[in-house]
Amino acid sequence: MEMTERFCQGVRVDMPNGSTSMATDPMTEEKLRDDLRFYFMSPCEKYRTRRQLPWKLAVQIFKIFMITLQLILFGLNNQLVVSYKEENLMAFKNLFLKGYSGVDEDEYSISIYTKERVFDSLHYVLDQYAQLRNLSVGPISYAEENGEFSPMIICKKSYKRGDVQPSEDVYDIEAQLEIVCLTLDPKSITTWRMHNASFFELDFYRLVEIEITFALEGINLQTVRSHELPDCCTFFVKIDFDNSCHSGKMKLSLDFDAVSSLCKNWRISGTAQKNTLYLLIFDGFVILVCLISAVLCTRSIILAVRLLQRFSSFCLDNYNHKVCEEDQREFLNGWYVLVIISDVMAIIGSILKMEIQAKSLTNYDVCSILLGTSTLMVWVGVIRYLGYFEKYNVLILTMRAALPKVLRFCCCAGMIYLGYTFCGWIVLGPYHEKFEDLSRVAECLFSLVNGDDMFATFAQFEQKNTMVWLFSRVYLYSFISLFIYMVLSLFIALITDAYETIKGYQTTGFPMTELHWFLKGQKERFPLQGQEEMEPEMVQPSGLLCCCQRISKDDTIVLIS
């Protein structure tokens, strides 16, 4: 490999009236060198050198404990909310769907094949809704708005005009849809048969969908056991009779959207209200810790930028020499950016959690994403401090060294993967449930790459179409052989090669850059401009330079700072 590829070479700047080397102030140079050495030290070395307490390290450790505890408390509360909604969904399906077995057939709950069953199921929903208070074992009631019960709304969606005669292969359909709705008040729903019989006369060859919507209210009392205030929930229930396929199979499904809110009039004895106050105080303390962490990391980034400016000015003023990009990147600490992002997400998540705790907000999903991601980043950020120890930083160095080639390799393999995905979807989709849509195909192929569910995927192909069955065999065998025996093997080989390279450099030392020579005070080797004929000298791993070691220009080896 050429020396110009192995060393970080600076750029010579031509000065109109000056030599390429000027006299330097020893005091200024030594002060800059000391500041740079101190910046690249580990927290323990900084304490031993200047007795500077490792505030950032202490704050990060304390923050890990705080954020993890906050996440656990929120997760336990979120589990209660999720289980309450899931159990209510199951209760509503058993209450309003006639013949529901307790298990959904597919993406829908029940299949209906006869007109009689359609009418029976439709009437069953109305009758159960009218007797809801006498049937449900849970604290469920009709929703109220401005002192009045919210009505049930039944809408029929059908073609405006149609005439179908399958025996003569004749049809006359107007594609435009018409929607006719009926509103029933819970108080008068018992008399719906007498006053609205004509509405329930259905032309099934024109009928596309029947949609029934109504609102119910309930109270999640199980949170009392965890010393928290109960939620008042409004369930916007939707029951759908789907006949859009006109295949003789009508799909009946039930779903709802649940909205939690603070109960208007409530009274509870015990420690629930006091416990809520303690949680709000705890969340506020977490926000304070994250703010301190973000300020300290921002301060470190500003200090690094100033040091880089001083070092660049020193090289330019004294050697007419610009600092190369490799050495500039040593000052850009990505870990600080990661910590700041995690702090911002933790602060926003904590604010949302406080709003949820105070019953002013009900969006658990956004809060869960923010708190979960911030906790992930906080724990990943701990690896930075393990990187100061030679025996613990192999994982970090290997990941960074292998990353460029792994990404390029994944781009190439991804093209093949996408090709198999589209091919499987269009050819095998009508014959296998795992290939019905693109997302399912991608998930199925990923499972096959990892060796999961292979036999079941092969076995579920029925020999209804011999040509497609033979194609499926060629398709699956070629994909599995290509990706397991070749792609995965090459993927592992890239990571193994990077690991071996890192282990070799940890034994023999890392190639020196201009920044290293400057920190060591060897002026005869700084800058490296014009020293291409010198043999590359290696530096043994040390605590002082552990943060700024650079290895060869080979794109498979990029160490972290």
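Q: Which residue of β11 does E211 stand opposite?
A: In this predicted model, β10 and strand β11 (residues 231-242) pair in the antiparallel sense, over twelve bridges. Within β11, the residue opposite E211 is D240.

Q: Which residue of β10 is the bridge partner of S158?
A: Strand β6 (residues 152-159) and β10 are paired in the antiparallel sense through six bridges. The bridge partner of S158 in β10 is L207.

Q: Which residue of β10 does Y142 stand opposite?
A: Strand β3 (residues 140-142) pairs with β10 over three bridges, in the antiparallel sense. Y142 has as its opposite residue in β10 L216.

Q: How many of the 14 residues of strand β10 are buried?
A: Strand β10 spans residues 207-220 and is mostly covered. A residue counts as buried under 20% relative accessible area. In β10, the number of buried residues is ten.

Q: How are α4 and α5 oriented: roughly parallel or roughly perpendicular?
A: Helix α4 (residues 55-96) packs against helix α5 (residues 115-130) with axes 8 Å apart and an angle of about 115°. Angles of 65 to 115 degrees count as roughly perpendicular. The orientation of α4 to α5 is therefore roughly perpendicular.

Q: How many residues in the contact of α4 with α5 are nonpolar?
A: On the α4 side the contact is made by N94, L95 and F96, and on the α5 side by Y124, V125, Q128 and Y129. Two residues of this contact are polar and no residue is charged. The number of nonpolar residues is five.

Q: Is I61 buried or exposed?
A: I61 is found in helix α4. Its relative accessibility is 52%, and the cut-off for this class is over 50%. I61 therefore counts as exposed.

Q: What distance separates the C-alpha atoms of I61 and W379?
A: I61 and W379 are 318 residues apart along the chain. Their C-alpha atoms are separated by 9.5 Å.

Q: What is the angle between the planes of F92 and F96?
A: Both F92 and F96 lie in helix α4, four residues apart, about one turn of the helix. Each of F92 and F96 is buried. Their rings form a tilted aromatic pair, 6.2 Å centre to centre, and the angle between the planes is 55°.

Q: Is the ring pair of Y420 and Y475 stacked or tilted?
A: The ring centres of Y420 and Y475 lie 5.4 Å apart, with the planes at 55°. Planes under 30 degrees apart would count as stacked and over 60 as edge-to-face. The pair of Y420 and Y475 is therefore tilted.

Q: How many residues apart are Y420 and Y475?
A: Y420 is in helix α13 (residues 394-428) and Y475 is in helix α16 (residues 466-508), and the pair links distant parts of the chain. Y420 is buried at 18% relative accessibility, and Y475 is buried at 3%. The separation of Y420 and Y475 is 55 residues.

Q: What value is the phi of H246 near?
A: H246 has its place in the loop between β11 and β12 (250-261). At 32% relative accessibility, H246 counts as partly exposed. Its phi is positive, in a residue other than glycine, and is near 50°.

Q: What value is the phi of D453 near?
A: D453 is located in the loop between α14 (438-449) and α15 (454-459). The relative accessibility of D453 is 42%, and D453 therefore counts as partly exposed. D453 is a residue other than glycine with a positive phi, near 60°.

Conventions: Residues numbered from 1 in each chain as written. Predicted model: local features only at pLDDT ≥ 70, side-chain atom pairs only at ≥ 80, totals over all residues. Heavy atoms only, no water. Buried < 20%, exposed > 50% of the residue type's maximum accessible area, 1.4 Å probe, protein only. Helix = DSSP H or I, 4+ residues; strand = E, 2+ residues; numbered from the N terminus. Pairing = 2+ DSSP bridges. Axes fitted to C-alpha atoms, helices over the stretch in contact; angles between N-to-C directions. Parallel < 35°, antiparallel > 145°, perpendicular 65-115°, else oblique. Contact = heavy atoms within 4.5 Å. Nonpolar A, V, L, I, M, F, W, Y, C, P; charged D, E, K, R; others polar. Phe/Tyr/Trp six-rings, centres within 6.5 Å; stacked < 30°, edge-to-face > 60°.
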